[in-house]
Amino acid sequence: MAADQTLILIADTHIQPESDDRLDGEDTFANLNAVLARIAASRIKPDGFIFAGDLANGGEPESYRRLAVVVENLQEVYGVPVALALGNHDAREAFRNDLLKRPPLTELHNDVVTIGPLRIIVLDTLVPGRPYGRLGHDQLGWLKLQLGTRAEAGTVLVMHHPPTRGVVDALNQILLFDVEEFHNTINGTDVIGILAGHVHHPSAGVFAGVPVWSGPAVAYALDPCWPAETFRSITGSGFSIINIRDRTMVASAVMMPGMQGEIAVTPVTASLIERWLRPPPL
Ligand SMILES: [Fe+2]
């Protein structure tokens with residue numbers, strides 16, 4: 001295993017069931033296959049693939065079964081780990097049953113994946129039925145325990161909801177909620193980078209002295225220069241190449257060719273925000 005690692009970050013695939021395979025006109029499964037074909041045709045030699053959540057658009061079992069075929073194929077062709085994180089659109093039971101082929105539990109899906117000297121820790125920020133994210137006390141305790149030992153090349157965290165606020169006001173309301181506790185947990189540890197999705201446009205920040213990268217979505221994009229009081233979805237698909245060298249992380253966005261056509265402009269009203277921010281159902 002080389003001292004440097006190249007990871008492919010696949011964010012927000014939003015796969016649909018085959019019978020209903022358009023999301024606002026977008027064939028998200030075709031977008032994923034186009035991204036993977038581009039990687040296959042490139043000079044890139046991935047040491048691992050990371051799916052950063054919103055795997056299935058509606059958490060449907062069939063969407064996870066479609067994705068399972070893709071993941072198995074990646075493992076077979078590249079022979080490298082594929083790390084899978086959950087996002088707010090996902091459903092834990094169907095994800096476990098139909099993608100991981102494990103008993104369909106509703107427990108958090110977190111994971112530790114080792115790629116040579118590099119450690120990847122996958123976190124679960126999914127709050128069922130809600131668009132925002134939360135790690136929770138128990139998971140943060142688990143993370144603290146993991147980070148108690150250091151990895152030779154450092155640790156990269158994968159989480160769907162980024163802890164950093166970006167440019168889209170409405171999105172800023174539905175990011176990670178327990179940010180302070182998360183900060184305290186990773187501060188002073190060997191974490192060298194955080195990889196996320198959720199915001200559907202390439203966005204970089206720094207949190208607890210650690211670079212944070214939210215990669216472009218595979219499914220569609222959100223316009224970071226949007227008309228006031230709205231959310232603007234646009235066509236556009238991409239992925240990220242992540243290079244880890246000497247305990248530093250560099251992220252490069254790769255956008256697929258195509259026009260950035262408008263999909264939908266959604267008014268962001270007070271009642272929409274109120275609906276988003278309701279506490280999770282018990
Ligand atoms: Fe998403």
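These legends describe views of a predicted protein model.

View 1. Along its principal axes, the C-alpha trace spans about 45 × 40 × 40 Å. Of the 282 residues, 42% count as buried. Contacts between residues 24 or more positions apart make up 71% of those with a separation of 6 or more.

**View 2. An open sheet of three strands.** The order is β10-β11-β14, and the pairing is antiparallel. β10 (221-222) and β14 (262-267) stand at the edges. Each has a single partner strand, so one side of each is left without a neighbour in the sheet.

**View 3. Strands β11 and β14, joined by five bridges.** β11 covers residues 230-234 and runs antiparallel to β14. Look for Phe 231: its bridge partner in β14 is Thr 266.

**View 4. Ala 208, in the loop between β8 and β9.** β8 spans 203-207, and β9 spans 210-214. Ala 208 is not a glycine, yet it has a positive phi of about 50°. Is Ala 208 buried or partly exposed? A buried residue needs 20 or more C-beta neighbours within 10 Å. Ala 208 has 17 inside 10 Å, so it counts as partly exposed.

**View 5. Arg 247, in the loop between β12 and β13.** The loop links β12 (238-245) and β13 (248-255). Arg 247 has a positive phi of about 60°, although it is not a glycine. Arg 247 counts as partly exposed because it has 15 C-beta neighbours inside 10 Å.

Methods: Residues are numbered from 1 along each chain as its sequence is written. This is a predicted model: local features need pLDDT of at least 70, side-chain atom pairs count only at pLDDT 80 or more; totals for chains, interfaces and linings use all residues. A residue is buried if 20 or more other C-beta atoms lie within 10 Å of its own, exposed if 12 or fewer, and partly exposed in between; C-beta atoms are placed from the backbone. Two residues are in contact if their C-beta atoms, placed from the backbone, lie within 7 Å. Two strands pair if DSSP finds at least two bridges between them. Helices (H or I, at least four residues) and strands (E, at least two) are DSSP runs, numbered from the N terminus.
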